[in-house]
Amino acid sequence: MFDKNPKSYTDLLGKTNRIVEGTVIKGDIISQADFRLDGELIGNFQSKGKIVIGPAGKVIGDIICRNADIEGKFDGKIEVMEILNVKSKAKIYGEVIVGKLSVEPGAEFSASCAMKANVKNLNPNDGKQRPEEKIA
């Protein structure tokens with residue numbers, strides 16, 4: 001009746017945590033689902049999903065996530081596995097490590113940036129014998 005098992009990431013798709021404007025959090029946040037921040041975070045953030053920092057949002061600390069959209073202020077180190085979208089009103093300071101980067105005109109981007117290719121397994125059999133292959 002009351003299943004206490006943690007939900008998988010696929011069960012959390014479409015669900016977003018939200019910190020509203022005027023809220024200040026001092027500490028670390030770890031989330032499996034997507035996250036929207038319109039308040040202020042002084043600390044670190046980690047997610048297997050996407051973080052959106054709204055126009056009123058501000059983060060001072062480190063972020064590790066799959067995707068990110070930043071429209072507010074960020075100061076620290078951010079590691080985005082896939083795509084970082086920097087909106088025109090964003091202010092980014094610190095260190096950025098991304099798979100892909102999109103910066104709109106007007107954004108303030110004062111950070112060191114390293115782009116790393118996504119590592120994808122090109123062999124679907126993951127090193128296993130293919131059905132048409134035979135070993136002598």
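Here is a short walk through the structure, from the whole chain down to a few residues. What you are looking at is a predicted model, in which local features need pLDDT of at least 70, side-chain atom pairs count only at pLDDT 80 or more, and totals for chains, interfaces and linings use all residues. Residues are numbered from 1 along each chain as its sequence is written, and side-chain values use heavy atoms, with hydrogens and water left out.

Let's start with the overall layout. The chain has one helix and 13 strands; helices (H or I, at least four residues) and strands (E, at least two) are DSSP runs, numbered from the N terminus. Follow the sequence along and you get the pattern α-β-β-β-β-β-β-β-β-β-β-β-β-β.

How much of the chain is buried? Of its 136 residues, 29% are buried. Here buried means under 20% relative accessible area, exposed means over 50%, and partly exposed is in between (1.4 Å probe, protein chains only). The accessible surface of the chain comes to about 8900 Å², and 51% of that belongs to carbon and sulfur atoms. These areas come from the Shrake-Rupley method with a 1.4 Å probe, and for residues only the protein chains shown count as cover.

Now for contacts, meaning heavy atoms within 4.5 Å. Take the contacts in the chain with a separation of 6 or more: residues 24 or more positions apart account for 2% of them.

Ser47 counts as buried because its relative accessibility is 8%. Leaving aside residues up to four places away in sequence, Ser47 touches Ser31, Gln32, Ala33, Ile64, Cys65 and Arg66. A polar atom of the Ser47 side chain lies 3.0 Å from the backbone oxygen of Ala33, and the backbone nitrogen of Gly49 lies 2.8 Å from a polar atom of that side chain.

Cys65, one of the residues that Ser47 touches, is buried, since its relative accessible area is 1%. Cys113 counts as partly exposed, because its relative accessibility is 37%. As for disulfides (a pair of cysteine sulfur atoms within 2.5 Å), the count comes to zero.

Finally, look at Ile42 in strand S5 (residues 40-42). With 31% relative accessibility, Ile42 counts as partly exposed. Together, Val24, Ile42 and Ile60 make a nonpolar surface patch of about 210 Å².

Conventions
A polar contact is a pair of N or O atoms within 3.5 Å; within protein, one must be able to donate a hydrogen and the other to accept it, and residues adjacent in sequence count only if both atoms are side-chain atoms. Patches are made of residues with over 30% relative accessible area and no salt bridge: like charges are joined within 9 Å, nonpolar side chains (Val, Leu, Ile, Met, Phe, Trp, Tyr) within 5 Å. A salt bridge is a side-chain nitrogen of Lys or Arg within 4 Å of a carboxyl oxygen of Asp or Glu.
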